[in-house]
Amino acid sequence: MSDNQVAIVTGASSGIGFGCATTLAAAGIAVLGTGRDAGRLAELERAVGDTGRIATIAVDLTDDDAPARIVGEARSRWGGVDFLINNAGVGSPKPLHETTDDDLDYFLGLMLRAPFRMAREAIPHMQAGSAIINVTSTFAVVGGLRGGAYSAAKGGLTALTTHIACQYGPQGIRCNAVAPGVTVTPMVEHRLEDERFRKINTEMTPHQRLGRVEDIASTVAFLCSPGGSFINGQTIVVDGGWSSTKYLSDFALTSEWVPR
């Protein structure tokens, strides 16, 4: 990776976005991190520790002028955009019958409309060799209990990924999705306190642990590297085998089933 490449990472103030931003910066890429919390973004700047490779902008990604502000900042600071990491998201959705119109609009606005508008703003300034990575979810790959508007948004983002790959691939602009399984982040930690949620993930994952931020960040970094230069229109699922197997742990197989 050359020192003059530039990446925009949305939702970079914590969790997966923070990990993506620091990993890309460590690889020599200049990173513009976005988020709503200026204090947390300042922590990102301190973590990278090199003003030549990190800058942040506090912005609500759903604001009408957000894409232009973000892309404009990257271009004015470093002259262009090579990578767009659409990561910003929110968790704890409700099932369809419990989802209000306001809930639906919020999830779709942040996790589908905003990435759409960010890509639309960035693509005219991208050269051959550039890439867009959309962070989706296993809930865009398999059915998910309580997925609701979250599943709808992430599924739409998967379809947007394949469209961008097809439409702009001939210009040398690749687009792929990374679909994390349950990854231990501040957004998920409280849900792991729910015994049912914890069992669904720990007892059905054919791996010795749950996902870590670095698992996702390293996959994103690979897709931005020369090694990923012929990968286009794909979803790479990073979930320890949760979504692709019928695995049950010995504990789950030997536990006594109690009728509901």
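## Ground rules

Residues are counted from 1 along each chain as its sequence is written. Because the model is predicted, local features need pLDDT of at least 70 and side-chain atom pairs count only at pLDDT 80 or more, while totals for chains, interfaces and linings use all residues; side-chain values use heavy atoms, with hydrogens and water left out.

## A strand tucked inside

Let's start with strand 2, residues 30-35. (Strands are DSSP runs of E with at least two residues, helices are runs of H or I with at least four, and both are numbered from the N terminus.) Is strand 2 enclosed or open? It is largely enclosed by the rest of the structure, because 6 of its 6 residues are buried. Buried means under 20% relative accessible area, exposed means over 50%, and partly exposed is in between, using a 1.4 Å probe and protein chains only.

In a regular strand, side chains alternate between the two faces of the sheet. In strand 2 both faces are covered: A30, L32 and T34 are buried on one side, and V31, G33 and G35 on the other. Strand 2 also pairs with strand 1 (residues 6-9) in the parallel sense, over 4 bridges; strands pair if DSSP finds at least two bridges between them. One example is A7, whose bridge partner in strand 2 is V31.

## Opposite charges

Side chains of opposite charge can pair when their charged atoms come close. How many salt bridges does a search of the whole structure find? It finds 7, each one being a side-chain nitrogen of Lys or Arg within 4 Å of a carboxyl oxygen of Asp or Glu.

Take E73 and R77, whose closest N and O atoms are 3.4 Å apart. They are 4 residues apart in helix 3 (residues 66-78), so about one helical turn separates them. R77 is partly exposed at 43% relative accessibility, and its charged end sits over the ring of W78, 5.8 Å from the ring's centre. That label applies if CZ of Arg or NZ of Lys is within 6 Å of the ring centre and within 35 degrees of the ring normal.

Another salt bridge joins R146 and E98, with the closest N and O atoms 4.0 Å apart. This one links distant parts of the chain: R146 is in the loop between strand 5 and helix 5, E98 is in the loop between strand 4 and helix 4, and they are 48 residues apart. R146 has a positive phi of about 65 degrees although it is not a glycine.

## Rings side by side

A pair of aromatic rings is described by the distance of the centres and the angle of the planes. Rings of Phe, Tyr and Trp (its six-membered ring) pair if their centres lie within 6.5 Å; planes under 30 degrees apart count as stacked, over 60 as edge-to-face and the rest as tilted. The structure holds 2 such pairs.

Y106 is partly exposed at 35%, whereas F107 is buried at 8%. F139 and Y150 are also edge-to-face, at 6.2 Å and 80 degrees. F139 lies in the loop between strand 5 (131-135) and helix 5 (148-168), with Y150 in helix 5, 11 residues apart.
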